[in-house]
Amino acid sequence: MWRSIIAFVFFSVSTCHPTLFHKRTSDISDLISFNASLPNVTILAMGGTIAGSASSSTETAEYAAGSVKVDTLVEAVPDIKNISNVRGIQVTNVGSESLTPANVLNLTHLVLDEVAKDDVQGIVVTHGTDSLEETAMFLDMTVNSTKPIVVVGAMRPSTAISADGPMNLLNAVAVAASNRSIGRGTMILLNDRIGSAFYTTKTNGNTLDTFKSYEAGFLGMILDQRPHFFYSPATPTGKVYFDVKNTTELPQIDILYGYQGLNPKLAKSAVDLGAKGLVLAGMGAASWTNPGNEVIDGLINNQSIPVVYSHRTMDGYSDYSYNGIPAYFQNPQKARYMLMLAINAGYSIPSITEMFSLEY
């Protein structure tokens, strides 16, 4: 009885005084319920397949991403109310291939605002899977908080038979609400697996078990909406934090793909079109053609353009860099955001080289 009275009083006060739960009235869903004994989790919705819709329940490839709003996603998973008090913020609603660094920077500012609130236990970001690992990596390097941040998506649209989005969302909220998740940085959750944003990559364009961390392994898994972690919290080797609270624009960084007979002039063209740095998705362990290396060498020596040599293979280690910067274990898309943040922070080329070398 007393618990019911206390919960009613707290709910009434928080409704009258928005600052107690930072409750907003525009572009968000109301709390689906309130239980004073449960933690509070904020869901930031970016769109993607998890919010996708198709004309048929059997369509899993042809659908419109970013069609369903966050309040509908939450309403479709009523068991969330048994785990956490959630509220949703619709940040954007598009396929993740359409997201830009400006979108990700805006999301980061929202996450920073939320983790600064004493009454928020954790954050869930719903996101399209195509570029999910990029956003997660950016958050991992720019949000210096022990509070759990979980980036979640789906491989089947919300209208599909056996849609994976509802269970993924339920599990993501469970991870964000758990004290066991504290101090683990930004995490990626799909298909009952919990991975570090620093290491996890999308490996298949279609299958449910696409997100993997081959070399580092998963952090844990979900059992009955309870996270089971294999290790105690640890910081990935070489992880650097960047303060972007006052950043309003990020420098352009382009990725060039390596292949037989590549056009060496594309590197200079990218710089001429505004790139402040380049990441090369090199062949094998980051190899680049001799004519291509000559052009890169000119950009480094004559224009002080930082160039990171990564690998087009899904995983691996690369210390080859000609006269550039080796990416070591980082794939091109993760190396791109590392380079972007370093340039934004004013790092010199030697400092950027040292940052990547911290992989050891």
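How many helices and strands make up the secondary structure of the chain? The predicted model contains 9 helices and 15 strands. Helices (H or I, at least four residues) and strands (E, at least two) are DSSP runs, numbered from the N terminus. Because the model is predicted, local features need pLDDT of at least 70 and side-chain atom pairs count only at pLDDT 80 or more, while totals for chains, interfaces and linings use all residues. Residues are numbered from 1 along each chain as its sequence is written, and side-chain values use heavy atoms, with hydrogens and water left out.

Of the 360 residues of the chain, 52% are buried. Buried means under 20% relative accessible area, exposed over 50%, and partly exposed in between (1.4 Å probe, protein chains only). The chain exposes about 16,100 Å². Carbon and sulfur atoms supply 51% of that area. Accessible areas come from the Shrake-Rupley method with a 1.4 Å probe; for residues, only the protein chains shown count as cover. Among contacts (heavy atoms within 4.5 Å) between residues at least 6 apart in sequence, 72% join residues at least 24 apart.

The structure holds 8 salt bridges. A salt bridge is a side-chain nitrogen of Lys or Arg within 4 Å of a carboxyl oxygen of Asp or Glu. One of them joins the side chains of D130 and K202 at 3.0 Å, N to O. This pair links distant parts of the chain, 72 residues apart. D130 sits in the loop between strand 4 (122–126) and helix 4 (132–142), and K202 belongs to strand 8 (residues 201–202). D130 is partly exposed because its relative accessible area is 48%. K202, at 17%, counts as buried.

R336 and E134 also meet through their side chains in a salt bridge, at 3.9 Å, N to O. Here too the pair links distant parts of the chain: R336 lies in helix 8 (residues 332–344) and E134 in helix 4, 202 residues apart. R336 is buried, with a relative accessible area of 16%. E134 reaches 22% and so counts as partly exposed.

A further salt bridge connects the side chains of K245 and D243 (3.8 Å, N to O). Both K245 and D243 are exposed. Elsewhere, salt bridges that share partners join R87, E114 and K117 into one network.

R184 presents another case. This residue lies in the loop between helix 5 (165–177) and strand 6 (186–190). R184 is buried yet has no salt bridge. The nearest side chain of opposite charge, D140, is 12 Å away. For charge, Lys and Arg count as positive and Asp and Glu as negative; His and the chain ends are not counted. What lies 2.8 Å from a polar atom of the R184 side chain? The backbone oxygen of R180 does. The backbone oxygen of Y231 also lies 2.8 Å from a polar atom of this side chain. Not counting residues up to four places away in sequence, R184 touches F229, Y231, S232 and P233.

On the surface, Y257, Y259 and L266 form a nonpolar patch. Together they have about 300 Å² of accessible area. Patches are made of residues with over 30% relative accessible area and no salt bridge: like charges are joined within 9 Å, nonpolar side chains (Val, Leu, Ile, Met, Phe, Trp, Tyr) within 5 Å. L266 is placed in helix 6 (residues 265–272). Its relative accessibility is 40%, so L266 counts as partly exposed.

Methods: A polar contact is a pair of N or O atoms within 3.5 Å; within protein, one must be able to donate a hydrogen and the other to accept it, and residues adjacent in sequence count only if both atoms are side-chain atoms.
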